[in-house]
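Work through these exercises with the model open beside you. Try each task before you read its solution.

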Amino acid sequence: MNQLTLSILAFTGGVFLAMQGGLNAQLGVLLKNPLLASLVAFFCSTTFAFLVIAISVKSVPSAQQLKEVPWYLWSAGGFFSLIGVSLYYYTIPKLGVSTMISLGLCGQVCFSVIAGHFGWFNLPVEPVSVKRLLGVTAMIIGILLINKK
């Protein structure tokens, strides 16, 4: 895929994450429990993912491939997803969707710049540069402007 297509897909993913955050935050308010909304969302996500996999996957990983996966990768991502998503559902009704998404995005970008610089999670190293720092600074200024009352 070319860079434009990937960029459009990434942008669309961001739109969908904002949509699900708003919808599931509303569910959490109605259920009076953001963790219960997370459970419902993850259950539905699991169901939809299972259906897509059942329809589209041509082969499954071998037993050897499954053994090669480090133990923490089976649960760490889900644990952090539960915390992050539940915090979204809890704070969106209190802060508003644009404030929460902008602050959440800021946290993601700041952390990803640090993680990329050090190559955490066995991902490619992306050294911090002046351009990246200017980008993060511009984003923080933009978030301040978005959230200025």
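**Ground rules**

This is a predicted model, in which local features need pLDDT of at least 70, side-chain atom pairs count only at pLDDT 80 or more, and totals for chains, interfaces and linings use all residues. Residues are numbered from 1 along each chain as its sequence is written, and side-chain values use heavy atoms, with hydrogens and water left out.

**Exercise 1. The overall fold**

Solution. 
- Step 1. Use the rule for elements: helices (H or I, at least four residues) and strands (E, at least two) are DSSP runs, numbered from the N terminus.
- Step 2. Look at contacts, meaning heavy atoms within 4.5 Å. Among contacts between residues at least 6 apart in sequence, 55% join residues at least 24 apart.
- Step 3. Check burial. Buried means under 20% relative accessible area, exposed over 50%, and partly exposed in between (1.4 Å probe, protein chains only). Of the 149 residues in the chain, 17% are buried.

**Exercise 2. Helix α4 and serine 86**

Task: Find which residues of α4 are buried, and decide whether serine 86 is buried or exposed.

Solution. 
- Step 1. Locate the helix. α4 covers residues 76-95, and serine 86 is found in it.
- Step 2. Test its length. The expected span is 1.5 Å times one less than the number of residues. α4 has 20 residues and reaches 28 Å from first C-alpha to last, close to the 28 Å expected.
- Step 3. List the buried residues of α4: Val85, Ser86, Tyr88, Tyr89, Thr91 and Ile92.
- Step 4. Recall the helix geometry. An α-helix has 3.6 residues a turn, so residues three or four places apart point the same way.
- Step 5. Find the partners. The buried residues of α4 pack against α1 (3-31), α2 (34-56) and α5 (97-118).
- Step 6. Classify serine 86. Its relative accessibility is 9%, so serine 86 counts as buried. Leaving out residues up to four places away in sequence, serine 86 touches Pro34, Leu35, Ser38 and Ser81.
- Step 7. Look past the helix end. Just after α4, glycine 96 takes a positive phi of about 100 degrees.

**Exercise 3. The salt bridge**

Task: State which side chains meet in a salt bridge.

Solution. 
- Step 1. Apply the test: a side-chain nitrogen of Lys or Arg within 4 Å of a carboxyl oxygen of Asp or Glu.
- Step 2. Search the whole structure. One salt bridge turns up.
- Step 3. Name the partners. The side chains of glutamate 126 and arginine 132 meet at 3.8 Å, N to O.
- Step 4. Glutamate 126 has a relative accessible area of 36%, so glutamate 126 is partly exposed. Arginine 132, at 34%, is also partly exposed.

**Exercise 4. Aromatic rings around phenylalanine 111**

Task: Classify the pair formed by phenylalanine 111 and tryptophan 120.

Solution. 
- Step 1. Set the cut-offs. Rings of Phe, Tyr and Trp (its six-membered ring) pair if their centres lie within 6.5 Å; planes under 30 degrees apart count as stacked, over 60 as edge-to-face and the rest as tilted.
- Step 2. Count the pairs. The structure holds five aromatic pairs.
- Step 3. Take phenylalanine 111 and tryptophan 120. Their ring centres are 5.8 Å apart and their planes lie at 50 degrees, so the pair is tilted.
- Step 4. Take phenylalanine 111 with phenylalanine 121. This pair is tilted too, with 6.2 Å centre to centre and 45 degrees between the planes.
- Step 5. Phenylalanine 111 lies in helix α5 and phenylalanine 121 in the loop between α5 and α6, so the pair ties together parts ten residues apart in sequence.
- Step 6. Collect the group. Phe111, Phe118, Trp120 and Phe121 form one aromatic cluster.

**Exercise 5. Positive phi in a loop**

Task: Say where phenylalanine 121 and asparagine 122 lie, and give their phi angles.

Solution. 
- Step 1. Locate them. Phenylalanine 121 is in the loop between α5 and α6 (130-147). Asparagine 122 is in the loop between α5 and α6.
- Step 2. Read the angles. Phenylalanine 121 has a positive phi of about 65 degrees although it is not a glycine. Asparagine 122, not a glycine either, has a positive phi of about 60 degrees.
- Step 3. Phenylalanine 121 counts as exposed at 60% relative accessibility. Asparagine 122 is exposed at 76%.
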